[in-house]
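Trainee: I'd like to learn how to read salt bridges and pockets in a protein model. Can you walk me through one?

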Amino acid sequence: MSVADPVPKQVHFRKLSGYDFYRDVLGSPNYVVAPMVDQSELAWRILSRRYGAQLVYTPMINAKIFSLNSSPKHRDKFFDTTHMEEGGPSDRPLIVQFCANDPDQLLASAQAIQDHCDAIDLNLGCPQEIARSGHYGSFLQDEWDLIYKLVNTLHTGLRVPVTAKFRVFPTVQKTVSYARMLESAGAQILTCHGRIREQRGHNTGLADWSKIRAVKEAVSVPVFANGNISYWEDVQRCLDETGADAVMSAEGQLYNPALFAPAASTVADASGITTSTLTKRTYGEGIYVPHAELALEYLGIVKSLKTKTALSAVKGHLFKLMRPALSRERDLRERLSKISGPGAVDQYIEVIEEMKRRMERDAMEATAKSTDELATIEPTMGLKVIPHWLAQPYFRPLSHSHPRSATSMTSATIEAVAPTIC
């Protein structure tokens, strides 16, 4: 460099951490939609925000597969940067989740996406068999040196913060030690799923909120609580009992995307629905929107995007949303199951419009009663069941191997729980 050449100016970038990041970048969210494989895609994230979600995660991306090919065609399958919609203004705040067991692959993958999100999350909670065979998720939880390196590599190598989502251990002491290790490695937010690795499928059982509270009391970074959220009433109860900064929902929000929308009029600015409309659809302290309307709204978002939405994701959402009615309207269920290929979305719309007509018919026959009066008690589980034309939680019977705990029970989970998602 000659004397005449200007000295390169060093840019000092200040990466916010902990509560500064939570408050100034994320906007202090309380209601969070979990990372869900093939289900928390862009269209669903947009719908979720309309109904009260304040922060949404992408589906988990496998860092090894993502890093194998740097072509946009390959990477856009996982996170579409070409059309500038994912991570764009209508898709914030956003956290992108990766699974990994190789720090270098993880860093390379995260660096490719860091400018399109607010943080990168490391999946340390997936308990599925694919995670066991791929050596990631909760199957890393006994390799603390590796986990420390994965988190710390992102902490030191990215321009955005790193966060971590993990499952608890059988003991409070080990759970707390684990959380402190993640914090010391550089994780700026910890999402604690209150179930152990073995709690999945029919053995899901209840999440232990007391362990989440112990984590919250042991660390200095924000903590999100995950597990046992099916009704609006569960949200505040979880925040109160765990002391967490936010509640994260997976399955509960898939079956009712209005889970985070209270019956109060304050939801109107989040969803665009008028108070008078909400009042007709309240149950307890939450709102329950007709599932056919939600399905049509979701498909409208899918059609409006340049970013491709996988048909597998679309079909999965439709079957979950309309589950209360599909067991009755078997002809519509059959038609939905057979739709595929080009023009599938328009065919879905046609079926759902018919579903909407049938559900409006059923609702009209019950106009004299409120939603609370129409709710019935499910005989085998003792839970209240909301009218079949409204989006609502889905439950599985509890396994006897997981005893009920007073600290982890909610109105939605006293006798049943939802299936596991990573």
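Mentor: Let's start with R358, which is buried, with a relative accessible area of 15%. Buried means under 20% relative accessible area, exposed over 50%, and partly exposed in between (1.4 Å probe, protein chains only). Keep in mind that this is a predicted model: local features need pLDDT of at least 70, side-chain atom pairs count only at pLDDT 80 or more, and totals for chains, interfaces and linings use all residues. Residues are numbered from 1 along each chain as its sequence is written, and side-chain values use heavy atoms, with hydrogens and water left out.

Trainee: Which side chain does R358 meet in a salt bridge?

Mentor: A salt bridge is a side-chain nitrogen of Lys or Arg within 4 Å of a carboxyl oxygen of Asp or Glu. Here R358 pairs with E329, at 2.8 Å from N to O. The two sit 29 residues apart: E329 is in the loop between α16 (323-326) and α17 (330-338), and R358 is in helix α18 (residues 344-364). Helices (H or I, at least four residues) and strands (E, at least two) are DSSP runs, numbered from the N terminus. E329 is buried too, at 10% relative accessible area.

Trainee: And E334, what does it form a salt bridge with?

Mentor: E334 bridges to K338, the closest N and O atoms being 3.4 Å apart. Both lie in helix α17, four residues apart, about one turn of the helix. E334 is partly exposed at 42% relative accessibility, while K338 is exposed at 62%.

Trainee: How many salt bridges does the structure hold?

Mentor: There are 24. Another one joins R335 and E350 at 3.7 Å, N to O. R335 lies in helix α17 and E350 in helix α18, so this pair ties together parts 15 residues apart in sequence.

Trainee: Now for pockets. How do I find empty space?

Mentor: Rolling a probe the size of a water molecule over the atoms shows where empty space is left. On a 1 Å grid over the protein atoms alone, a pocket is an open set of points where a 1.4 Å probe fits, with protein on both sides within 12 Å along at least five of seven lines; lining residues have an atom within 4 Å of a point. The largest pocket holds about 710 Å³ of space, a volume being the space filled by probe spheres set on the points. Of its 35 lining residues, the closest to the centre are P59, M60, K77, F78 and F79.

Trainee: Which element gives the largest share of that lining?

Mentor: That's α2, with three residues.
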